[in-house]
Amino acid sequence: TKYVYTFAEGSREMAALLGGKGAGLAEMTRLGLPVPPGFTVTTEACKVYLATGEEPPELGVEAARALAGLEHAMGRTLGADDDPLLVSVRSGARFSMPGMMDTILDIGLNDDSVAGFAKVTGDERSAWDSYRRLVQMFGHTVMGVDGDLFEEAIAAHRTALGVATDHELATTELVVLVEEFKALIRRETGEDFPQDPAEQLARAVRAVFDSWNGERARVYRHREHIPEDLGTAVNVQAMVFGNLGPDSGTGVAFTRDPATGARGLYGDYLPDAQGEDVVAGVRDALPISEMKQLDPRSYVELGDHMRTLEGHYRDLCDVEFTVERGRLWILQTRVGKRTAEAAFRIAHDLREEGTVTADEALTRVSGAELTRLMFPRFDVKATDAPLAHGIPASPGAAVGAVVFDSAEAVRRAAAGEQVVLVRRETTPDDLPGMIAAQAVLTSRGGKTSHAAVVARGMGKVCVCGAEDLSVDPVARRFSTSSGTVVHEGDTVSVDGTAGTVHLGALPLTASDVGRALESGTGEGALTEAVLGALAHADAVRRLQVRANADTPEDAVRARALGAQGIGLCRTEHMFLGERRALVEAMILARDDTARAQALEALLPLQRADFTAILEAMDGLPVTIRLIDPPLHEFLPDRTELAVRLAQSVHPDPHDRQLLDAVERMHEQNPMLGLRGVRLGLAVPGLMAMQVRAIAEAVVRRVGDGGRPCAEIMIPLVGTVEELRLARAETERVLAEVAAETGTPLDCPIGTMIELPRAALTAARIAEGADFFSFGTNDLTQTTWGLSRDDAEASFFPLYLDKGVFTVSPFESIDQEGVGRLVEMAVAAAHEVDPGLETGVCGEHGGDPASIHFFHRAGLDYVSCSPFRIPAARLEAGRAAL
Ligand code: ADP
Ligand code: MG
Ligand code: MG
């Protein structure tokens, strides 16, 4: 195996081996962009190291050869006393993990080479500043010294001199600092900072390997579902210096605005600084447009390279660059992260520009992003003066209690509170808190600061660089220049779209995209982009999208959002509220007459419900499920009743009766008890009443000139015998109503497949069913043998943590197990009846990964809640590509 590749040897196809960063550096080198030369140690080498605790034996030789090549190309020797070659050691995994892994700059400096470096550059201060950075970074990331100790030492110097930034520390100060840092390392580790450049390099490479298993990296991988065993590559690259005076600098640039998607070069530039400074938000950077005046030549050149990259990758790219004394170097590129808004606009624009096809444009956006755009926004009145303005780094509206550190954010979020994490600036250590928070607010840093980049990646609301805020994490409060003080626990509203923070909870209103989706039209670049993507998805998708809706209002809304029918209309919701008394009467009925009377009273109510829903969905299928849950769910709580009876002097005889019924009907495990088709077969007249209500509703709609398409669905069938009995009863009532009214009724009668036995005997069940609807919620419960409500609250967090699940099987379908049952059942049913319609209802119908699976499994439709329909349409389209 070859463990080391020079940048000239690699390419972007090799990202798995070279990591994202290494592949990008190689590709840019290939394209002839100005990349400082270097080489990449592969992820394979990392894997060997992680598995065995040692580098592969060949690595030493290969790396030495690559280093010699680099020294030759640069005409310098690593860490030589006179004109030293300095290198950076940069991590780079397959998937970008912003700020997760540690990079060490200026390797090769030591007590001697620092002087040589100063002489060559003619800039003593920069040389010592670089050395100071090296000792600090090396001490922290390689030797494990607490980073705060270094920061405190620097802060002490700043305070003593009365200056605000490190930038103002003079050379003499830096020389002293380096000595202090070295002493600090010795004190903390019992070891000296290594002066030998080769040792520095070797240990830095190993530290990058080790950082794969660091806490921050693990948290990030877990959250982003990045596999644990990929390992990271390590890039060793000749250093270039952005800190050699005003004609030097460093920056980050995007080919388009990653927040809005607007066309045109976008980014930050920081004169006289090294790369880390921009990302860390140590000093506030200038908008990149100002580089045009400061260094017009580099600015134009940068623009050219950005165009080259976007054309080559055919997508938004971002770069990290450095200008060393008027010479531009590109240090990194990747296809850039972007907000949901930017994703839609960029995909749309690239398609209009002819860079990508409509199909490709569709692959660039996701249902999750679309859902995010549908979230409501703040309804801000002109009179609501914000507490502070900052940079709108990641859009959306969030309300929460202010917290000042990651741990508190995690604590409160775990207790169910919504929080806003407020920091001066964030570091990778804040990651757990950022995950837990609704929004992140910082007082320092630009659009490319850590807070901004990470929040955007997570789709989390973020306002950064709100300079008017002074954040005091120790006193747990922040204040504004106008004197408002906000304490921990106070509620604020963060508007990531406008870049503002408001005191208190602002009211929310529908987003423009949400509105446009419901009305089918709307103005503005974003709305146009979203509607365009959906139109293409609708054109290519095979899966139909229906809604889970129980009320006429939901049906209307779902239809507006593009539902092609109702896949699940639950009837039990129609038994609640004021109708409870009637349901109680039915349950308590002592004889058939009393029960018939109670059902009689329910009939017109149900009929009215069905009529209204069929009207809202006129011309489209409405799958109505007969009552499913155990009847005692409609009765009061047993304990409450018992207490009420025990405490009253004159007990209500009705309560007594109710308690008897509750006790009689009590089940150890209601989920597996008298429910679904079992209930329909066991309670005389119940099923007949529901079918009659449906049939009469259909007749009414026909009478009113409508085109009702009701489908009757029998829940929780385990054997074809149950379905036969239920079907006979259903057909009997349909025939009755047809005879009474003279209206022919041919409602399809189907069943839910939500028990493993039903899936396993699908071929037999198909003989009695006109359609199948997979109830994957119950199918997941019964296949796994667990109850969702109990499991999610008890051991799911543990299972997710231990990696037994990467995602809850209720959120995304377990393709291997539950999904297998679905595939088997579909195949078996289609052997019997190739035309048998199959669909899925239940939460999985709205989950992107599950939708892709259902497409592959050959289902005809998915059904999901109205709000998720646009996302489901989009994902069904993507699945078909
Ligand atoms: P990250 O993955 O956290 O972005 P990088 O490896 O990109 O880490 O490095 C962090 C910073 O150091 C970046 O801003 C980058 O521009 C800068 N940097 C890395 N290598 C060099 C180099 N050879 N010369 C100058 N700056 C560098
Ligand atoms: Mg970088
Ligand atoms: Mg069910």
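Two exercises with worked solutions follow, both on a predicted model.

**Exercise 1.** Determine how helix 22 (residues 580-588) and helix 23 (residues 592-616) are oriented relative to each other, and which residues make the contact.

Solution.

1. Start with the axes: those of helix 22 and helix 23 come within 8 Å and cross at roughly 155°.
2. Angles over 145 degrees count as roughly antiparallel, so helix 22 is roughly antiparallel to helix 23.
3. The handedness of this crossing is left-handed.
4. On the side of helix 22, the contact is made by Leu582, Ala585 and Met586. Helix 23 contributes Arg595, Ala598, Leu599, Ala601 and Leu602.
5. Sorted by class, the contact between the two helices has seven nonpolar residues, one charged residue and no polar ones.

**Exercise 2.** Describe the strand neighbours of strand 2 (residues 38-41), and decide whether its two faces are covered or open.

Solution.

1. Take strand 1 (residues 4-6) as one neighbour: three bridges join strand 1 to strand 2, and the two run antiparallel. Within this pairing, Thr6 has Phe39 of strand 2 as its bridge partner.
2. Take strand 7 (residues 232-238) next: strand 7 pairs with strand 2 over four bridges, in the antiparallel sense. Here Gln237 of strand 7 stands opposite Gly38.
3. For the faces, use the rule that side chains in a regular strand alternate between the two faces of the sheet.
4. In strand 2, Gly38 and Thr40 lie on one side, with Phe39 and Val41 on the other.
5. A residue is buried if 20 or more other C-beta atoms lie within 10 Å of its own. All four of these residues are buried, and both faces of strand 2 are covered.

Methods: Residues numbered from 1 in each chain as written. Chains lettered and ligands numbered in written order. Predicted model: local features only at pLDDT ≥ 70, side-chain atom pairs only at ≥ 80, totals over all residues. Axes fitted to C-alpha atoms, helices over the stretch in contact; angles between N-to-C directions. Parallel < 35°, antiparallel > 145°, perpendicular 65-115°, else oblique. Left-handed = near helix turned anticlockwise from the far one by under 90°. Contact = placed C-beta atoms within 7 Å. Nonpolar A, V, L, I, M, F, W, Y, C, P; charged D, E, K, R; others polar. Buried ≥ 20, exposed ≤ 12 C-beta atoms within 10 Å, placed from the backbone. Pairing = 2+ DSSP bridges.
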